[in-house]
Amino acid sequence: MFWKTQRDIFIAFFRSGILGYGGGPSTIPLVHREVVGHFKWMSDEEFADILAIGNTLPGPIATKMAGHIGYQVGGVAGLFNAIIATVLPTVVGMIALIGLLSNYRESSIVTGMTHVVTPVVGIMMLVMTYQFLKQSKKGIGLAQTLVLAVISAVAFELIGLHPALVIGLLLVYGFVSGGSKSQQKEETKQRNVSG
């Protein structure tokens with residue numbers, strides 16, 4: 001069981017790392033697909049929580065998420081396994097391709113490859129955004145989801161606040177506001193049953 005779990009952790013994060021063209025944020029939908037969709041190690045809600053907390057901490061998001069998820073699934077060995085699997089494709093790719101790409105940087109083929117992959121990464125990010133908005137709507141309702149989304153967009157784009165600061169402020173807001181709509185419904189339901 002231990003070796004199968006470690007193998008699965010390595011496969012999940014290696015695939016995400018090797019296919020995550022464009023760096024950390026572009027790997028998040030791939031990690032989500034592996035962790036939530038394929039291996040079912042956690043729910044959408046748990047993944048969203050890890051992503052939110054990971055974004056408030058310094059450092060690359062891909063390795064932070066790999067470390068946490070690897071540890072949660074496979075202990076200390078899983079932590080190191082997931083980080084190695086996440087970093088290995090980048091290291092190997094850099095060593096193998098840096099000379100080639102630097103020699104042909106101005107080539108229309110290399111430029112074309114970059115331009116062709118960019119829309120796919122954008123679509124993956126949009127799909128993940130839609131899933132998170134759906135999940136947020138289920139937890140806090142449509143009106144509050146839209147208001148918080150607009151406030152976040154204004155804070156990022158117009159005011160120029162750092163994303164970690166906005167996420168931190170929203171975490172404080174969530175703590176102060178007393179939990180999600182679904183939690184409040186569950187508490188009301190339990191009070192009605194016991195009362």
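The structure is a predicted model, in which local features need pLDDT of at least 70 and side-chain atom pairs count only at pLDDT 80 or more, whereas totals for chains, interfaces and linings use all residues. Residues are numbered from 1 along each chain as its sequence is written, and side-chain values use heavy atoms, with hydrogens and water left out.

The secondary structure of the protein chain consists of eight helices and zero strands, where helices (H or I, at least four residues) and strands (E, at least two) are DSSP runs numbered from the N terminus. The order of elements from the N terminus is accordingly α-α-α-α-α-α-α-α. Of the 195 residues of the protein chain, 28% are buried. The accessible surface amounts to about 12,700 Å², and carbon and sulfur atoms contribute 70% of this surface; the areas come from the Shrake-Rupley method with a 1.4 Å probe, and for residues only the protein chains shown count as cover. Among contacts (heavy atoms within 4.5 Å) with a separation of 6 or more, 56% join residues 24 or more positions apart.

Residues up to four places away in sequence aside, serine 16 touches Thr27, Leu30, Val31 and Glu34. Glutamine 6 is also placed in H1 and is buried, with a relative accessible area of 7%.

Phenylalanine 14 and threonine 90 are 76 residues apart along the chain, yet their C-alpha atoms are separated by 9.8 Å. Threonine 90 belongs to helix H4 (residues 61-103) and is partly exposed at a relative accessible area of 46%.

Threonine 56 is located in helix H3. Beyond its neighbours within four places in sequence, threonine 56 is in contact with Ala164, Ile167, Gly168 and Leu171.

The loop between helix H2 (24-38) and helix H3 (44-56) contains lysine 40. Most residues other than glycine have a negative phi. Lysine 40, although not a glycine, has a positive phi of about 55°. With a relative accessibility of 62%, lysine 40 counts as exposed.

Helix packing was then considered. Two packed helices are described by the angle between their axes and the distance between the axes. Axes are lines fitted to C-alpha atoms, for helices over the stretch in contact, and angles run from 0 to 180 degrees between N-to-C directions. Angles under 35 degrees count as roughly parallel, over 145 as roughly antiparallel, 65 to 115 as roughly perpendicular and the rest as oblique. The axes of H3 and H4 come within 10 Å and cross at roughly 135°; the two helices are therefore oblique to each other. Their crossing is right-handed, a term used if the near helix is turned clockwise from the far one by less than a right angle, anticlockwise being left-handed. On the H3 side, Glu46, Phe47, Ile50, Leu51, Gly54 and Asn55 meet Ile61, Lys64, Met65, His68, Ile69 and Gln72 of H4. This contact of H3 with H4 comprises six nonpolar, four polar and two charged residues, with Ala, Val, Leu, Ile, Met, Phe, Trp, Tyr, Cys and Pro taken as nonpolar, Asp, Glu, Lys and Arg as charged, and the others, Gly among them, as polar.

Helix H5 (residues 108-140) packs against H6 at an angle of about 130°, with the axes 7 Å apart, and H5 is therefore oblique to H6. Leu133, Ser136, Lys137 and Ile140 of H5 form the contact with Leu142, Gln144, Thr145 and Leu148 of H6. Four nonpolar, three polar and one charged residue make up the contact of H5 with H6.

For helix H6 (residues 142-159) and helix H7 (residues 163-177), the packing angle is about 150° and the axes lie 10 Å apart. H6 and H7 are therefore roughly antiparallel to each other. Gln144, Leu148, Ser152, Ala155 and Phe156 of H6 meet Pro163, Val166, Leu170 and Tyr173 of H7. The contact of H6 with H7 has seven nonpolar, two polar and no charged residues.

Note on methods:
Buried means under 20% relative accessible area, exposed over 50%, partly exposed in between (1.4 Å probe, protein chains only).
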